[in-house]
Amino acid sequence: MSMTLTFGTIAPWVLRVLAALIMLQTLYFKFSGAEESVYIFSQLGMEPWGRIGTGIFELIASILILYPGTTFLGSVLAIGLMLGAIGAHFVKLGIVVKNDGGQLFIYALLVLVSSLILAIIYRNDGITFLKRVI
């Protein structure tokens with residue numbers, strides 16, 4: 001059996017890996033109590049529980065995005081997390097945080113856009129899941 005690699009088969013995996021890698025690479029900073037993470041969540045009045053809780057949810061979202069069959073659920077969770085992050089940037093933190101050049105904001109946008117596209121691609125999985133739950 002031969003599997004042909006096409007844009008339609010490669011693109012979803014690129015989006016899955018991109019979203020998951022960005023979220024996973026930030027976990028070290030959240031879980032280790034890195035200065036920038038502590039600063040961000042202190043500014044939001046959510047230190048330490050918000051930092052650790054967000055990290056746990058980002059870990060779950062990353063696993064769900066990468067695991068076949070649960071990509072839709074992971075992408076919806078990531079969408080919620082990134083809307084919260086982007087909202088925090090707009091309302092409280094600003095686009096640039098501690099002279100990062102807007103890097104964290106850009107990462108949040110990349111995860112949001114990737115997750116939105118994944119949610120659309122895997123929407124039938126979401127419909128199937130909702131039918132089972134309801």
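**Charges, rings and a pocket**

Modeller: In this predicted model, K98 lies over the face of Y39, at 4.7 Å from the ring centre.

Biologist: What makes R16 a charge that sits over the ring of W13?

Modeller: The charged end of R16 is 3.9 Å from the centre of the W13 ring.

Biologist: How many aromatic pairs does a search of the whole structure find?

Modeller: The search finds 2. One of them joins Y28 and F29, with 5.4 Å centre to centre and 80 degrees between the planes.

Biologist: Why is the pair of F90 and F105 called edge-to-face?

Modeller: The planes of F90 and F105 are 70 degrees apart and the centres 5.5 Å apart. Centres within 6.5 Å make a pair, and planes over 60 degrees apart count as edge-to-face, so the term applies. F90 lies in helix α4 and F105 in helix α5, so the pair ties together parts that are 15 residues apart in sequence.

Biologist: Why is F105 called buried, and why is F90 called exposed?

Modeller: F105 has 10% relative accessibility, and buried means under 20%. F90 has 60%, and exposed means over 50%.

Biologist: What lines the largest pocket?

Modeller: The lining has 29 residues, of which K30, I40, E58, A85 and L104 lie nearest the centre of the pocket. The largest share, 7 residues, comes from α4. The volume of this pocket is about 610 Å³.

How values were computed
Residues numbered from 1 in each chain as written. Predicted model: local features only at pLDDT ≥ 70, side-chain atom pairs only at ≥ 80, totals over all residues. Heavy atoms only, no water. 1 Å grid on protein atoms, 1.4 Å probe; cavity = no way out; pocket = protein on both sides within 12 Å on 5 of 7 lines; lining within 4 Å. Points joined across faces, edges and corners; volume = space filled by probe spheres on them. Helix = DSSP H or I, 4+ residues; strand = E, 2+ residues; numbered from the N terminus. Phe/Tyr/Trp six-rings, centres within 6.5 Å; stacked < 30°, edge-to-face > 60°. Buried < 20%, exposed > 50% of the residue type's maximum accessible area, 1.4 Å probe, protein only. Lys NZ or Arg CZ within 6 Å of the ring centre and 35° of its normal.
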